[in-house]
Amino acid sequence: MGLILALIIGGIIGWLASIVMRTNAQQGILLNVVVGIVGSLLGGFLLGPILGGGNLLEGTLDIRTLLVALLGAIILLAIVNLFRRGRVR
């Protein structure tokens, strides 16, 4: 049940991060879920010790965990956008 909850919340977090970073039109639901979960892991690793939150896969679901997941997803999308800008279209 925890994995299903992590997928649903990861999708919502990824969708919110894509709206903030203005990449929503470029992503589908699958990429939103991936961005949300990977961003949660990244945020839990980088920002967890600072803000006191974990990641979505640990099972703790509070406001700090959601904030860390959202910030991690935004950081992940910012890194992806940096690499996309260098590519010639």
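User: Why is Glu58 called exposed?

Analyst: Residues are sorted by relative accessible area: under 20% is buried, over 50% is exposed, and what lies in between is partly exposed (1.4 Å probe, protein chains only). Glu58 has a relative accessible area of 55%, so it counts as exposed. Glu58 lies in the loop between α3 and α4. This is a predicted model, where local features need pLDDT of at least 70 and side-chain atom pairs count only at pLDDT 80 or more, while totals for chains, interfaces and linings use all residues. Residues are numbered from 1 along each chain as its sequence is written, and side-chain values use heavy atoms, with hydrogens and water left out.

User: How far apart are Glu58 and Leu7 in sequence and in space?

Analyst: Glu58 and Leu7 are 51 residues apart in sequence, and their C-alpha atoms are 13 Å apart in space.

User: What makes Ser18 a buried residue?

Analyst: The relative accessible area of Ser18 is 0%, therefore Ser18 is buried. Ser18 belongs to helix α1.

User: Which residues does Ser18 touch, not counting residues up to four places away in sequence?

Analyst: A contact means heavy atoms within 4.5 Å. With those sequence neighbours left out, Ser18 touches Thr23, Asn24, Gln27, Asn32 and Leu77.

User: What counts as a helix here, and how many helices and strands does the chain have?

Analyst: Helices (H or I, at least four residues) and strands (E, at least two) are DSSP runs, numbered from the N terminus. The chain has four helices and zero strands. Along the sequence the pattern reads α-α-α-α.

User: How do you know that the chain is as compact as a globular protein of that length?

Analyst: The radius of gyration is taken over C-alpha atoms, and the globule rule is 2.2 Å times the number of residues to the power 0.38. For 89 residues the rule gives 12 Å; the chain has 13 Å, which is close, so the chain is as compact as a globular protein of that length. The C-alpha trace spans about 40 × 25 × 15 Å along its principal axes. Of the 89 residues, 38% count as buried.

User: Where is Arg22, and is it buried or exposed?

Analyst: Arg22 sits in the loop between α1 and α2. Its relative accessibility is 75%, so Arg22 counts as exposed.

User: Which residues of α1 are buried, and what covers them?

Analyst: The buried residues are Ala6, Ile9, Gly10, Gly11, Ile13, Gly14, Ala17 and Ser18. Their cover includes α2 and α4. An α-helix has 3.6 residues a turn, so residues three or four places apart point the same way.

User: What makes the nonpolar surface patch a patch, and which residues form it?

Analyst: A patch consists of residues with over 30% relative accessible area and no salt bridge; like charges are joined within 9 Å, and nonpolar side chains (Val, Leu, Ile, Met, Phe, Trp, Tyr) within 5 Å. A salt bridge is a side-chain nitrogen of Lys or Arg within 4 Å of a carboxyl oxygen of Asp or Glu. Areas come from the Shrake-Rupley method with a 1.4 Å probe, and for residues only the protein chains shown count as cover. The patch covers about 540 Å² and is made by Ile4, Ile8, Ile12, Trp15, Leu16 and Ile19. One of these residues, Ile8, is found in helix α1 (residues 2-20).

User: How do you know that the lengths of α2 and α4 agree with expectation?

Analyst: The 18 residues of α2 should span 26 Å, and its end C-alpha atoms are 25 Å apart, which agrees. The 23 residues of α4 (residues 63-85) should span 33 Å, and its ends are 33 Å apart, which agrees too.

Notes:
The expected span of a helix is 1.5 Å times one less than its number of residues.
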